[in-house]
Amino acid sequence: MVDESLRRVIDACNELFLVDGSGLMLADEHGVLRYVVATEGPGRMLEDTQIDAGEGPCVDTFVHDRLVMTEDVATDPRWPTLGPLIAGRGVGAVLGVPVRLSGGCVGSLDLYRSHAHSWDESEQQALVRYGEVIETMLAAALSAEQAGELANQLNYALEYRVVIERGIGYLMARDDVDQTAAFNRIRSSARSGRRKIGDVAAHLLTSGRLPEEDGADS
């Protein structure tokens, strides 16, 4: 039900805004962005490659909770790991729109053009409004308990949002790293230890260490 509705919304997005592809990514219990629905080909590849690289416009949209755009993702110096992986694979300009529930970012709506493109103000505003349509749909599904596994995923993201944000801030201050790097460290710790990202962030705030650091000095 919900997945099919989101598929229709994404398909309509491509037609309305004349983009070459789009997708919706939401955070799971490990703090990893997962695609929920995406156009085939480069759209799916774009999302998977960002997940693997741990960087990119859609990752930054989620971590910083703000609109992120690039005229050409393959040559953008902000994402040096992603660029070579995505060069020549049919993706140029990318725009990420934060998707929020209960005041917190739980994912991103991602849109791309196959060639370099400068996103103008009218495009940005229209796509932000379209992101709000998706937010309304997700909120309605959660309220009606119609989203099944997706509902559990989103509820976890909302429940632990503040703890994760505090954990990110702690690592930024402790290790003098930026927000994305701090998030990726917590995320990697959760994945390697097969723990939920909220539990890892809570451990960090309580002990001052990531779980794998506990025995490092002993």
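Is Phe62 buried or exposed, and what is its relative accessible area? Phe62 is buried, with a relative accessible area of 12%; buried means under 20% relative accessible area, exposed means over 50%, and partly exposed lies in between, with a 1.4 Å probe and protein chains only.

## Basis of the report

This is a predicted model, in which local features need pLDDT of at least 70 and side-chain atom pairs count only at pLDDT 80 or more, while totals for chains, interfaces and linings use all residues. Residues are numbered from 1 along each chain as its sequence is written, and side-chain values use heavy atoms, with hydrogens and water left out.

Helices (H or I, at least four residues) and strands (E, at least two) are DSSP runs, numbered from the N terminus.

## Aromatic pairs

A pair of aromatic rings is described by the distance of the centres and the angle of the planes. Rings of Phe, Tyr and Trp (its six-membered ring) pair if their centres lie within 6.5 Å; planes under 30 degrees apart count as stacked, over 60 as edge-to-face and the rest as tilted. The count under this rule is 2 aromatic pairs. Phe17 and Tyr130 are edge-to-face because their ring centres are 5.3 Å apart and their planes stand at 80°. This pair links distant parts of the chain, since Phe17 belongs to helix 1 (residues 2-17) and Tyr130 to helix 5 (residues 121-143), 113 residues apart. Both Phe17 and Tyr130 are buried.

Phe62 and Phe183 also form an edge-to-face aromatic pair, with 5.7 Å from centre to centre and 75° between the planes. Here too distant parts of the chain are linked: Phe62 is in helix 3 (residues 57-64) and Phe183 is in helix 8 (residues 179-192), 121 residues apart. Phe183 counts as buried because its relative accessibility is 5%.

## Helix 8

Helix 8 has 14 residues and reaches 20 Å from its first C-alpha to its last, close to the 20 Å expected at 1.5 Å a residue. The expected span of a helix is 1.5 Å times one less than its number of residues. At the N-terminal end, Asp178 caps helix 8, with a side-chain oxygen 3.3 Å from the backbone nitrogen of Thr180. After helix 8 comes Arg194, whose phi is positive, near 55°.

The buried residues of helix 8 include Thr180, Phe183, Ile186 and Ala190. Among the elements that cover the buried residues of helix 8 are helix 2 (42-53), helix 3, helix 7 (161-175) and helix 9 (197-207).

## Paired strands

Two strands pair if DSSP finds at least two bridges between them. Strand 1 (residues 21-27) and strand 5 run antiparallel and are joined by 6 bridges; within this pairing, Leu26 has Gly107 of strand 5 as its bridge partner. Strand 4 and strand 5 also run antiparallel, joined by 8 bridges. Val99 stands opposite Gly107 in strand 5, and the bridge partner of Gly96 in strand 5 is Asp110. The hairpin of strand 4 and strand 5 has 2 residues between the strands, and Ser102 takes a positive phi near 50° there.

Strand 3 and strand 4 pair in the antiparallel sense over 3 bridges, and Met69 has Leu95 of strand 4 as its bridge partner. How are these strands covered? In strand 5 (residues 104-112), 9 of the 9 residues are buried, so strand 5 is largely enclosed by the rest of the structure. Strand 4 is mostly covered, with 7 of its 8 residues buried.

Thr70 is found in strand 3 (residues 68-70) and is buried, with a relative accessible area of 5%. Its side chain is joined to that of Asp76 by a polar contact of 2.7 Å. A polar contact is a pair of N or O atoms within 3.5 Å; within protein, one must be able to donate a hydrogen and the other to accept it, and residues adjacent in sequence count only if both atoms are side-chain atoms. Leaving aside neighbours within four places in sequence, Thr70 is in contact (heavy atoms within 4.5 Å) with residues including Pro57, Asp76, Trp79 and His117.

Ala87 lies in the loop between helix 4 (82-86) and strand 4 (94-101). Ala87 counts as partly exposed because its relative accessibility is 41%.

## Cysteines

A disulfide is a pair of cysteine sulfur atoms within 2.5 Å, and the count by this rule is 0 disulfides. Cys13 is buried at 0% relative accessibility, and Cys58 is buried at 0% relative accessibility.
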